[in-house]
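Work through these exercises with the model open beside you. Try each task before you read its solution.

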Amino acid sequence: MPGRHAGDLFPIPPWSVRMTVPSDNPAASSLGPAIAGASPPPARRNRRSAKFLQIVLLLVVTLIAGLPVSGIIGERSDRQAEMQEELARSWSPEQTVRTPVLAVPYLAADGKTRGYLKIAPATLATQAALTPERKRRGLFSATVYTAALEMTGSFAVPSASSLEKLVGRGSSISWQDSVFLLQLSGLAGMTAEDRVVWNGETIPWRGCQELVARAEDCWGAALAARPTMAAAPAASVEMKFQATVTLRGTGAFHQTLDGRQATAAIKAPWPTPSFVGTVLPSDPTVTADAFEARWTVSDYSRPPLRSDAALLDSAEAQYLPSVGVELLEAVPTYRMINRASKYASLFVVLSFTVYALFELLSSVRIHIVQYGLLGLSMTLFSLLLVSFAEPFGYVAGYWISAALVLVQATAYTAAVTRRTRSTLVFAAALASLFAFLHLLIGLENYSLLVGTIALFLVLSAVMAVTQRVDWQGDES
């Protein structure tokens, strides 16, 4: 038809143009990218896929290479624990002070059965003043203390008829051999001023074996004093006492409270206590440089008078109310190092991601070897951290290590990209990660929440930035 062409009658689909152009025609090949629907060059797609696989493989290898660093940190942490055990042996272990009891030996009517009548305090009030200090051995340290413990209270000594019902008629009760007994974890730290005041009479402390006829009954650490007890009273009578003792311990101080009415108070110039035991303090006060805590216990379930074949019994302690405090480090060095090392993979992943974005969004080309060297720099952070934290403390060690890695990685990035803007972006991203990680590790209750939200925001930012990338092969 006039004015019409064959192409008007039979429209040619766009994809047929690509099929009719000979592949060996240079002119036709040059038109390929401009034609709608043309596929990206296979060579470019292959190069990108190969580079991506290389980066992923190198990332895995770099993370595996960091595992020996975790082993070194674990070894140093174990060495710290061994040093603390050595200090505990040479200074004194964690102190656990049992409630003082009045123990009266008896011999049953059969002439063979021996035992002790144990009378628990009717009232008891204890006050412990701890003086902590740090003991160092080389690069390692432990918290030790000296405790000045004062105890006041009273015993309700039952009548002779009440005792006969418990041990049997005809039994011989040796009141003259009664002992005021205090069981401890260790006896280190005792001074000449420590004493017992029994009904107004001052009597000295003695070792348990000095006052007990059967030395085998005193198998543990215990102090004893001999009160004046001639015979059982005809009626129940109250015996008042006051006792002081100075003890040394490591790390924690515990007390067990046995009696109808008992109170305990512990104070120390230490800013980071952790209150432990089966009973929590009623009104603890913790300031920037000290703490003071009080406990009140009322227990009517246990009888105040009981018969026992053993003088010292460790099994019954688990049934008694217990109070105590642990003297925690303000910044527990090795625990913080362990937590920081677990996040070490984030530094490698972040650095690789930033380098990959440089390649995708600009004309910068980074060799796979340069990725590897950057990953090694990030891996050294954990090793630098444990090296500097041991002599200077965790906080100083963290910032020194972060500054060294930041300067090294930023200088290397400047040499690789040779672009000021890219270098500043990398430095800002890495510095932000170091600062955020320090904040995250310091959080106790909300670390998981804050870390998860931060990871979500970073992923969202990466997703937004990569919208500029033509994943089919063409860059915008």
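Predicted model: local features only at pLDDT ≥ 70, side-chain atom pairs only at ≥ 80, totals over all residues.

A disulfide is a pair of cysteine sulfur atoms within 2.5 Å.

**Exercise 1. The disulfide**

Find how many disulfides the structure holds, and describe the link.

Solution. 
- Step 1: count. The structure holds 1 disulfide.
- Step 2: name the pair. Cys208 and Cys218 have sulfur atoms 1.9 Å apart. The cut-off is 2.5 Å, and Cys208 and Cys218 form a disulfide.
- Step 3: Cys208 sits in helix H7 (residues 208–211), and Cys218 in the loop between H7 and strand E11 (222–225). The two cysteines are 10 residues apart.
- Step 4: The angle about the S-S bond is -60°, and the link of Cys208 and Cys218 is left-handed.
- Step 5: check burial. Cys208 and Cys218 are both buried.

**Exercise 2. The nonpolar cores**

Which residues touch the most other members of the largest nonpolar core?

Solution. 
- Step 1: take the core. The largest nonpolar core has 49 residues.
- Step 2: pick out the residues. Phe155, Phe180 and Trp198 touch the most other members.
- Step 3: look for the main contributor. Strand E5 (residues 140–157) gives the largest share of this core, 6 residues.
- Step 4: follow Trp198. Leave out residues up to four places away in sequence; the contacts of Trp198 then include Leu102, Phe155, Phe180, Ile203 and Pro227. Met229, Met239 and Phe241 are also among them.
- Step 5: look beyond this core. Another core lies apart from it, with 34 residues, including Tyr371, Ala402, Phe426 and Ile441.

**Exercise 3. The largest pocket**

Describe the space in the largest pocket and its lining.

Solution. 
- Step 1: state the volume. The largest pocket holds about 1,200 Å³ of space.
- Step 2: list the lining. It counts 32 residues, and Leu350, Thr353, Val354, Val458 and Val462 lie nearest the centre of the pocket.
- Step 3: assign elements. Helix H9 (344–361), helix H12 (420–442) and helix H13 (447–465) each give two or more residues to the lining. H13 gives the largest share, 11 residues.
- Step 4: sort by type. The lining has 22 nonpolar, 7 polar and 3 charged residues.

**Exercise 4. The second largest cavity**

What lines the second largest cavity?

Solution. 
- Step 1: count the cavities. There are 3 cavities of 30 Å³ or more.
- Step 2: state the volume. The second largest cavity holds about 50 Å³ of space.
- Step 3: name the lining. Ala120, Pro121, Asp258, Gly259, Arg260, Asp299, Arg302, Pro303 and Pro304 line this cavity.
- Step 4: sort by type. The lining divides into 4 nonpolar, 1 polar and 4 charged residues.

**Exercise 5. Leu63**

Is Leu63 buried, exposed or partly exposed?

Solution. 
- Step 1: locate the residue. Leu63 belongs to helix H4 (residues 42–65).
- Step 2: apply the cut-offs. Buried means under 20% relative accessible area, and exposed means over 50%. Leu63 is partly exposed because its relative accessible area is 33%.
- Step 3: find contacts. Leaving aside neighbours within four places in sequence, Leu63 touches Ser345 and Val348.
- Step 4: compare sequence and space. Leu63 and Ser345 are 282 residues apart along the chain, yet their C-alpha atoms are separated by 6.5 Å.

Terms used:
Residues numbered from 1 in each chain as written. Heavy atoms only, no water. Core = buried A, V, L, I, M, F, W, Y, C linked by side-chain atoms within 4.5 Å. Buried < 20%, exposed > 50% of the residue type's maximum accessible area, 1.4 Å probe, protein only. Helix = DSSP H or I, 4+ residues; strand = E, 2+ residues; numbered from the N terminus. Contact = heavy atoms within 4.5 Å. 1 Å grid on protein atoms, 1.4 Å probe; cavity = no way out; pocket = protein on both sides within 12 Å on 5 of 7 lines; lining within 4 Å. Points joined across faces, edges and corners; volume = space filled by probe spheres on them. Nonpolar A, V, L, I, M, F, W, Y, C, P; charged D, E, K, R; others polar.
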